[in-house]
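Q: I am new to this structure. Please take a close look at one part of it, then connect that part to the rest.

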Amino acid sequence: MKVAVLGAGAIGAYVGAALHRAGADVHLIARGPHLAAMRQHGVRVLSPRGDFTARTHATDDPAEVGPVDFVLLGLKANSYAACGPLIEPLLNDTTAVIAAQNGIPWWYFHRHGGPHDGHRVESVDPGGAVSAVIAPERAIGCVVYAATELEGPGVVRHLEGTRFSIGEPDRSVSVRCAAFSEAMIAGGLKCPVEPDLRNDIWLKLLGNISFNPISALARATMRQMCLHGGTRRVIEIMMTETLAVAEALGCEVGVSIERRLAGAERVGDHRTSTLQDLERGKPLELDVLLAAVVELAEITDVPVPTLRTVHAISDLLALRTAA
């Protein structure tokens, strides 16, 4: 199995290292000091489950890699539309693209069935720009339940979780999903093939849609947001509205809001990825988390006044950060 990791940051390098350990032919595509370190020393993974080093090919030129069986996208979702020159050399007729992203994916309604089948979510696929680069037919969905961070160039700190749930948009248990899952498990990760990954998407989104924008607006950690009565109440309302949209689209999350909040509080003083991006002056990945759900609320006629309010304020923050 030949795998390219496009955007081999903390999550991408961690998965690539695990797949390399399983015997896959892995190619990490990155840039800067991180790339230089991986070229010289490999990927060093520091984990409570045991440290290890994976010496696999790393490059900034996808043409060096050529077509692969699987592309794992470790890029931010807001850069998918512009990744054409990077991803095209990696594709042949059967290459599958596994998008390890948060939020609503560009393929969400591909082979969805029902009244919204084939609908394009403008917030995440503006004008079809993402679909033009990554055809929905190539997509395998992926919901990440692992926390990692780059401790330094070439060094990945694995904090917790090893589950990467995957699934086909048409809800089939395909041969390609089974093959990728087998390789991930051989590398020491959990990779269940979910018959309907959309349920997992909404479960993960329940936290991201609320904690991520509020953390950026309040400059607060997970624990701080949960312990402050005002922000906790706003987050509860945002989660309630999100569940209503999910249910209108036929999805079941299966976890109570109180349980989700309790889990977040246990995480402690963790800074969300959105807050980290804000602090580093990077673009905020809020369209797939918040704008998309507001858009889905419109097509399902679900009232989401609090989501709309937080979206309006955080969207201004995102625009000011990008300026």
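Between which strand and which helix does the loop with Arg-111 lie?

A: Arg-111 lies in the loop between strand S7 (96-100) and helix H4 (129-133). Helices (H or I, at least four residues) and strands (E, at least two) are DSSP runs, numbered from the N terminus. This is a predicted model, in which local features need pLDDT of at least 70, side-chain atom pairs count only at pLDDT 80 or more, and totals for chains, interfaces and linings use all residues. Residues are numbered from 1 along each chain as its sequence is written, and side-chain values use heavy atoms, with hydrogens and water left out.

Start with the backbone. Arg-111 is not a glycine, yet its phi is positive, at about 55°. Its relative accessibility is 49%, so Arg-111 counts as partly exposed. Buried means under 20% relative accessible area, exposed means over 50%, and partly exposed is in between (1.4 Å probe, protein chains only).

Arg-171 also has a positive phi, near 70°, and is a residue other than glycine. Its loop runs between strand S9 (155-167) and helix H5 (175-186). At 30% relative accessibility, Arg-171 counts as partly exposed.

Now turn to another arginine. Arg-21 sits in helix H1. With 46% relative accessibility, Arg-21 is partly exposed. Beyond its neighbours within four places in sequence, Arg-21 touches Phe-52, Gly-187 and Gly-188. Contact here means heavy atoms within 4.5 Å. Thr-56 is 35 residues from Arg-21 in sequence, and their C-alpha atoms are 9.5 Å apart in space.

Strand S1 (residues 2-6) has four of its five residues buried, so S1 is largely enclosed by the rest of the structure. From S1 the chain crosses through helix H1 (residues 10-21) to S2, in a right-handed β-α-β crossover. Right-handed means that, with the strands pointing away from the viewer, the path from the first strand over the helix to the second runs clockwise.

S1 pairs with strand S2 (residues 25-29) through five bridges, and the two run parallel. Two strands pair if DSSP finds at least two bridges between them. Val-3 has Val-26 as its bridge partner in S2. S1 also runs parallel to strand S6 (residues 70-73), joined by four bridges. There, Leu-6 stands opposite Leu-73.

Next come the annotated regions. UniProt, in an unreviewed entry, places "domain: Ketopantoate reductase N-terminal" at residues 3-104. UniProt positions follow the numbering used here, feature names are shortened, and annotations may be inferred rather than shown by experiment. Residues 3-104 are 25% helix and 27% strand, with end C-alpha atoms 24 Å apart. The unreviewed entry also lists "domain: Ketopantoate reductase C-terminal" at residues 196-314. That span is 76% helix and 0% strand, and its end C-alpha atoms are 30 Å apart.

Finally, the whole chain. It has 12 helices and nine strands. Its radius of gyration is 19 Å, close to the 20 Å that the globule rule gives for 323 residues, so the chain is as compact as a globular protein of that length. The radius is taken over C-alpha atoms, and the rule is 2.2 Å times the number of residues to the power 0.38. Of the 323 residues, 55% count as buried. Among contacts between residues at least 6 apart in sequence, 73% join residues at least 24 apart.
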